[in-house]
Amino acid sequence: MHRSLVVVLVAVALLTSAAPSFAAPVPAAAEDCGVRVNRPHYSRASEEIHTRIESFCRTVPVVSNTVSGRTYRQRFWGWELIAEQPPTTTKGPAAFAQDHRETVVAGCEAGSLYRYRTEVFGTVTFPQGTYSASAYEENDQEILCGRP
C-alpha cells in the first residue's frame, strides 16, 4: 500500500487594512506553503531510524519558520512514541528561512523489526499572516535494524 504525502493547511490569518490605497499584500497560495516528510528509513552509517522533515513557504518575506516532528514505532497495542524533534525556528527575512529542514532521529536495537511513522508540524509566519500544516508518512513494511 502506498501513501501519498498528506498536507493540511490549518490556519490562515490575513491582515486586512483600511490603510491608504496602495496594493494590499498578496496572500500565499496553498501550494506555496506546507510541510514535507520522507519515509522513515534505517541509516546504516549511524544505525538509527532517520526521517527528514521540512516546513516551507515560497512567499516572501518570511518572518519565521518553525518545524517539529515525532517518530513512532508500531507495537501490538498501537503506536509508541520513540523520538521527537522539538520545535526549531529560523528567522527571516533571509531566503534560508523559506525552507526549514530537520531530521528526526530514533535509536533502534540491532535485530529489531518494526514499522515506523513520522509526523511533521510546521508554522510559517509572514507579514500577511500565518500558515500551519501537518503531515505524516509511515512504512508499509517493517524495518530491520542493524544485523541480528
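I started with the largest cavity, which has a volume of about 40 Å³. A cavity here is a set of points on a 1 Å grid over the protein atoms alone, where a 1.4 Å probe fits but cannot get out; lining residues have an atom within 4 Å of a point. Grid points are joined across faces, edges and corners, and the volume is the space filled by probe spheres set on the points.

Before going on, I noted that this is a predicted model, where local features need pLDDT of at least 70, side-chain atom pairs count only at pLDDT 80 or more, and totals for chains, interfaces and linings use all residues. Residues are numbered from 1 along each chain as its sequence is written, and side-chain values use heavy atoms, with hydrogens and water left out.

Of the 11 residues that line the largest cavity, Gly34, Gly122, Val124, Tyr131 and Ala133 are the closest to its centre. Strands β2 (33-37), β4 (48-57), β9 (116-126) and β10 (129-138) each give at least two lining residues; strands are DSSP runs of E, at least two residues, numbered from the N terminus. I sorted the lining by class and got seven nonpolar, four polar and no charged residues. Nonpolar covers Ala, Val, Leu, Ile, Met, Phe, Trp, Tyr, Cys and Pro, charged covers Asp, Glu, Lys and Arg, and the others, Gly among them, are polar.

**Salt bridges**

Next I went through the salt bridges (a side-chain nitrogen of Lys or Arg within 4 Å of a carboxyl oxygen of Asp or Glu). The count is 11. Arg70 and Glu84 make one of them, at 3.4 Å from N to O. Arg70 sits in strand β5 (residues 64-75) and Glu84 in strand β6 (residues 78-91), 14 residues apart. Arg70 is partly exposed at 33% relative accessibility, while Glu84 is exposed at 52%; buried means under 20%, exposed over 50% and partly exposed in between (1.4 Å probe, protein chains only).

**Arg117**

Then I turned to Arg117, which is in strand β9. Arg117 counts as buried because its relative accessibility is 17%. I found Arg117 in a salt bridge with Glu119, with the closest N and O atoms 3.5 Å apart. Salt bridges with shared partners join Arg115, Arg117, Glu119 and Glu138 into one network.

Which residues is Arg117 in contact with, leaving aside its neighbours within four places in sequence? They are Pro40, Arg70, Thr71, Tyr72, Trp79, Tyr136, Glu137 and Glu138, contact meaning heavy atoms within 4.5 Å.

Note on methods: Helix = DSSP H or I, 4+ residues; strand = E, 2+ residues; numbered from the N terminus. 1 Å grid on protein atoms, 1.4 Å probe; cavity = no way out; pocket = protein on both sides within 12 Å on 5 of 7 lines; lining within 4 Å.
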